[in-house]
Every structure is written in C-alpha cells, then in structure tokens.
Amino acid sequence: MNTLILDNGAYTAKIGFSKSSQPKIIPNCIMKAKSERRRFFTGNQINECRDVSGLYYILCFQRGYLVNWDVQKRVWDYMFGQECCAVNFSENPLIITEPLFNFHSIQEAMSEIFFEEYEFERMFRTTAADLCALNYLSGFKKHPKPLACVIIDMGYSFTHVVPFIKGRKQKSAIRRIDIGGKVMTNHLKEIVSYRQLNVMDESYVINQVKEDSCFVSQDFMEDMKIGRKRHPDNTIIREYVLPDFTTIRRGYLREISREDTDHQILQVNNERFSVPELLFHPSDIGIQQMGVAEAVMDAVAACPPETIEHLLRNIIVCGGSALFQGMEKRLQSEIRSLAPEEYKVSVKIAEKATTYAWQGGKKFSEEENFLKACVSREEYEEEGNRIIIDKFDT
C-alpha cells in the first residue's frame, strides 16, 4: 500500500508517500508579503514570491500546539491537492504526527477532520519522537537491537528529551526545554536590530542567516575572547550578504571583504555561537530551565537504574537545530562530563535530521502489523473517539 506520511511540525511539515525516497518539506503556515498584498502564499507557493522581505507568517501552531484550525486546514488542502501530493483518500492510509502530551480536544478535532471531512479510510496517529526511535531501532538488523535509547528532538517551539525502553517511551521521564528554532531566530533578530539594522520584521531572512552562519561553540569563553578582537585576529567574524531578490535570492556567508558595496551586508560576530548556546544555557535569556545536557541526565535518572547504561550508549539528536555545526561534539563532551565514569556515552546526530521522523514512518508503514495498528473509518463511525483514545493514547 502507498501510505501517506505527514510529520506535521510547527514550522515545516514533511509529507510524502511511503513509496517515495524523500518527503516534500513544506512551510506549515500561510505567508503574506509586502510586495504582493492581495495574495496569500501557502506551502511552496512562497517560491513564487518576488520579494520575501517583511514576510508575515500566519502560523497554525502556538507554543507547540495546533490552535489555528482555519490556517491548518488551508495548508492541508494544499498538501493533499494536485499541486503537492494528489492524495486518494479511500486508498492511501495516513500516518500523522502530533506533539507530545497533546490535548484531547486537539486530538478529537484532528480525528474528526481526517475521517469526516477528508474521509481517509485508515489513520495512524503518533509522535515524531516515536517514529525517530522506530527508525533508529530498525537500523539494527544484523546486530541485537539496543534495549533503550534517548531521542533529543530539537523542534521549532521546544526541545524534548524522550527516553525509550524496549521501544516504549517513558512518559514520566520526558523532559521539555522551552527553547527551539523560533526562540533562537527571535533572539538573533533582537541582537542584529540592536547592533546594526532593524530586522524585527524579517523572520524569513534572519532564519536563513541563522541556518547559514551559526555554529555550536566547543569553548564558549575562549570564543568570546576571540570575538572581542579586531579582524584579522578575530577568526569568527564574517559578513552575511543579504538578498536583494533580483540578483540574490538567498543570502550567503563570506569572509570579511572591503569590496562589493552594492549589496547590504550584516556583520556577524559572537552571535554566531551565542544563539545556539541558548540550548545549553536557557537562563541566558531569562528561561530558568536546564540545558540539553542536564535535561538528558535528568531524564535518564528518572528511568530504572539497570537501563541507564543502555540509554547513555544510544542518544540520537534530530530536528532542525541538530544541524548546527559542532552540535554532536558539544553534546558528547557535556553529557560525558555529567555521566558516571563507568558508563560509555555515545551521541549521534541522526542522518537527515529534519526528515528522520518521516523516514521512521516510512519504515513503520512497511511492517506487517501496520494496518492492524491503524483505526479505520468504519471503526471510527461505530465507536467514535473512544477507539482512537484506546489505540493512540500518546
């Protein structure tokens, strides 16, 4: 069967059929540009926008949970339509992800839309962390599967640390940090606006600046010392050439140069590493919570003592922020310094970290028991939301 897999993230949705090798990555929002005031851009239609400066987002998610159903429905209509995936609702089963600890009211509304409005024949609801764990554990075909693993999901609104033992997540041990891609982009906007240029309305462009120029420091205080020096002794400072949307569609990072005054330039210095540092020290912006390394150790400590060794050996990092250069090395050293000496610590950035959960859904759809795990429309019509709570209570 050709299953539709939708990893419905707060910033981007990863959608595709199980027979595809890779999903389409689509902004999970509606966008409005200053240059074209009368038109709304849905999904990848943003590529048709001539000028994305001052782009205004209408998001489906707030603080990690789906609250704007009108916008979400419009984005789903686009995704399921001819322009994107051309879904056959009676033939294609659906796997969809939801946030951890989702509200029952949101779950009910979601089930109602998929079964009653779109009329999907079968649906399976899960979390991105579950699919990441399934993807990781299914990679051990020749070797015995690990008894346990820890998934660090660095999302748009939150970062979650989720321990799994024998394939089941330990709800009481899950830890959440209120730092994600959105907070980091907003922090970078504030720094740049304070130092150089007012970019408070430029979320789209500054998000690209963050992705292209930020990295995780291995020694924060030493890098701060380097950041105080002048060029050329300062090896961190760079120039970011901003897009003009005529000759440059996306900006790029380059070494300090005295030439080329035709384009608008941002100088990026210590913000290159101080923005990702929020994941390790949320208190830098007044969020009194643990950093990622401490959250991992706290989550592991909440699990049975005999599983600690297995959990620390299998730590997988996924999500967009996992792609910052130096993330794996920094997490490895920080968790190693906090963990008991007798245990081995192994941290791995997931291959294709942003689509890792989608790949897990693809593998699950190929398993023999997949159709049994789904809820059919017939079952939903007979028993209502109770059958969904019984099967998918996540």
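Author: A polar contact of 2.9 Å joins the side chains of Glu98 and Asn102, and this comes from a predicted model. The side chain of Glu98 also has a polar contact of 3.3 Å with that of Arg125.

Reader: Where in the fold does Glu98 sit, and is Glu98 buried or exposed?

Author: Glu98 belongs to strand β9, which covers residues 94-98. A residue is called buried when its relative accessible area is under 20%, and Glu98, at 5%, is therefore buried.

Reader: Which way do the residues of β18 point?

Author: In β18 (residues 315-318), Ile315 and Val317 point one way, whereas Ile316 and Cys318 point the other way, and all of them are buried.

Reader: What is the strand order in the open sheet that contains β15, and why is one side of β16 and of β17 left without a neighbour in the sheet?

Author: The three strands of that open sheet follow the order β16-β15-β17, with antiparallel pairing. Because β16 (252-254) and β17 (265-268) are edge strands, each with a single partner strand, one side of each has no neighbour in the sheet. Neighbouring strands in this sheet are turned against each other by 30° on average, direction ignored. Between β15 (residues 238-241) and β17 there are four bridges, and in β17 it is Leu266 that is the bridge partner of Tyr240.

Reader: Which helix lies across β15, β16 and β17, and how many of its residues are buried?

Author: A general point comes before the case: an α-helix has 3.6 residues a turn, so residues three or four places apart point the same way. Helix α5 (residues 203-213) lies across β15, β16 and β17, and it runs at about 45° to β17. Nine of the 11 residues of α5 are buried, so this helix is largely enclosed by the rest of the structure.

Reader: In which order do the strands of the open sheet containing β6 lie?

Author: That open sheet has three strands in the order β5-β4-β6, paired antiparallel. Its edge strands are β5 (40-42) and β6 (56-59), each of which pairs on one side only. Four bridges join β4 (residues 29-32) to β6, and Lys32 stands opposite Tyr56 in β6.

Reader: How much space lies in the second largest pocket, and which residues are the closest to its centre?

Author: The general idea is that rolling a probe the size of a water molecule over the atoms shows where empty space is left. The second largest pocket holds about 730 Å³ of space, and of its 23 lining residues, Phe124, Thr126, Asp130, Gly167 and Arg168 are the closest to its centre. At least two lining residues come from each of β10 (122-127), α3 (128-137), β13 (168-169) and α14 (385-392), and α3 provides the largest share, five residues.

Notes:
Residues numbered from 1 in each chain as written. Predicted model: local features only at pLDDT ≥ 70, side-chain atom pairs only at ≥ 80, totals over all residues. Heavy atoms only, no water. Pairing = 2+ DSSP bridges. Axes fitted to C-alpha atoms, helices over the stretch in contact; angles between N-to-C directions. Contact = heavy atoms within 4.5 Å. Buried < 20%, exposed > 50% of the residue type's maximum accessible area, 1.4 Å probe, protein only. Polar contact = N/O pair within 3.5 Å; in protein donor to acceptor, adjacent residues only side chain to side chain. 1 Å grid on protein atoms, 1.4 Å probe; cavity = no way out; pocket = protein on both sides within 12 Å on 5 of 7 lines; lining within 4 Å. Points joined across faces, edges and corners; volume = space filled by probe spheres on them.
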